[in-house]
Amino acid sequence: MSVFLAVVLFVFLFVPGVVEPFTAGAQEETVAVDRVADDLSRATLGSAERPKVLNATCTAAFFDNRSESGCHFAGETTNERLGLDGRQRVNVTVTRNGTTAREGASPLCWDADAAALRDQSDCESGDVSLQAGEPTTDDVDESVTARRVVSLHREVVTLEVVLW
C-alpha cells in the first residue's frame, strides 16, 4: 500500500513539472517581440551598417504595404513581412520620441512630397500612416511590447511593436 501511495505522490508532484516546458506562455511572445523590434530597427527598415537609423523610403513602403527595391522585406501581410505565423497578432507603430501608442499617442505619418514626418492630425490623403498590423485595443488581456528609440529622417522617434 505504501508503494502505491509513493507512486501516486510522485506522479502528482513531478509529472506537471516535466510537461511544463511544453506549454505555451508569455516567454515565447517576449522573445518574438524583441526579435521583431530588433530586426525592424537594425535590418528590415534600416541597415546593419547604421543600426537604429531607419531608411525613410523603406519605412514608408513597409507601412504602406508595398514592395520597394533595395528594402529587406517581402510579403503580403504585416505578419509575413515580419516572419510571424498567422496565429500571432501584431501592431507596429512609430510615434514621437517619449510617447507610445499604448499611452494614446497618435502614430506619425510620412509625407513623401515634402519628405517629412508629420503628426497624425496634420496628415493629408496621400500621406502614409506609420502604423501597420492589427489595431491594439484595451480588451487584450495579455500582450508583450518592445520599444526601440530610432532615427527617421534625422528625427528621434519611438518604434513600438505589440504582440498578442
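The legends below describe close-up views of a predicted model. Local features need pLDDT of at least 70 and side-chain atom pairs count only at pLDDT 80 or more, while totals for chains, interfaces and linings use all residues. Residues are numbered from 1 along each chain as its sequence is written, and side-chain values use heavy atoms, with hydrogens and water left out.

View 1. Five strands form an open sheet of mixed pairing, in the order 1-7-8-2-6. Strands (E, at least two residues) and helices (H or I, at least four) are DSSP runs, numbered from the N terminus. Two strands pair if DSSP finds at least two bridges between them. The edges are strand 1 (53-54) and strand 6 (131-133), each of which pairs on one side only. Strand 7 and strand 8 are antiparallel and share nine bridges. V150 has V157, in strand 8, as its bridge partner.

**View 2. The largest nonpolar core.** A nonpolar core is a set of buried Ala, Val, Leu, Ile, Met, Phe, Trp, Tyr and Cys residues joined through side-chain atoms within 4.5 Å. Buried means under 20% relative accessible area, exposed over 50%, and partly exposed in between (1.4 Å probe, protein chains only). The largest such core holds 34 residues, and L40, F62, F63, L82, V92, L130 and V161 have the most contacts inside it. Two or more residues each come from helix 2 (26-44), helix 3, strand 2 (90-96), strand 7 (144-152) and strand 8 (155-163). Helix 3 gives the largest share, six residues. Leaving aside residues up to four places away in sequence, L40 touches L45, G46, L54, F62, L82, V92, L159 and V161; contact means heavy atoms within 4.5 Å.

View 3. Rings of Phe, Tyr and Trp (its six-membered ring) pair if their centres lie within 6.5 Å; planes under 30 degrees apart count as stacked, over 60 as edge-to-face and the rest as tilted. The structure holds two aromatic pairs. F62 and F63 are edge-to-face because their planes stand at 85 degrees, with the ring centres 5.2 Å apart. F62 and F73 are also edge-to-face, at 5.4 Å centre to centre and 85 degrees between the planes. F62 lies in helix 3 and F73 in the loop between helix 3 and helix 4, so this pair ties together parts eleven residues apart in sequence. The ring pairs link F62, F63 and F73 into a cluster. F62 is buried at 0% relative accessible area, and F63 is buried at 8%. R81 lies over the face of F62, 4.7 Å from the ring centre; the criterion is NZ of Lys or CZ of Arg within 6 Å of the ring centre and within 35 degrees of the ring normal.

**View 4. The surroundings of D111.** D111 lies in strand 3 and is buried at 6% relative accessibility. A polar atom of the D111 side chain lies 3.1 Å from the backbone nitrogen of D113. Not counting residues up to four places away in sequence, D111 touches A116, R118 and D127.

**View 5. Two residues with positive phi.** Most residues other than glycine have a negative phi. N65, in the loop between helix 3 (56-63) and helix 4 (78-82), has a phi near 60 degrees. N65 is partly exposed, at 44% relative accessibility. A115, in the loop between strand 3 (109-111) and strand 4 (116-118), has a positive phi of about 50 degrees. A115 is partly exposed, at 33% relative accessibility.

Notes
Polar contact = N/O pair within 3.5 Å; in protein donor to acceptor, adjacent residues only side chain to side chain.
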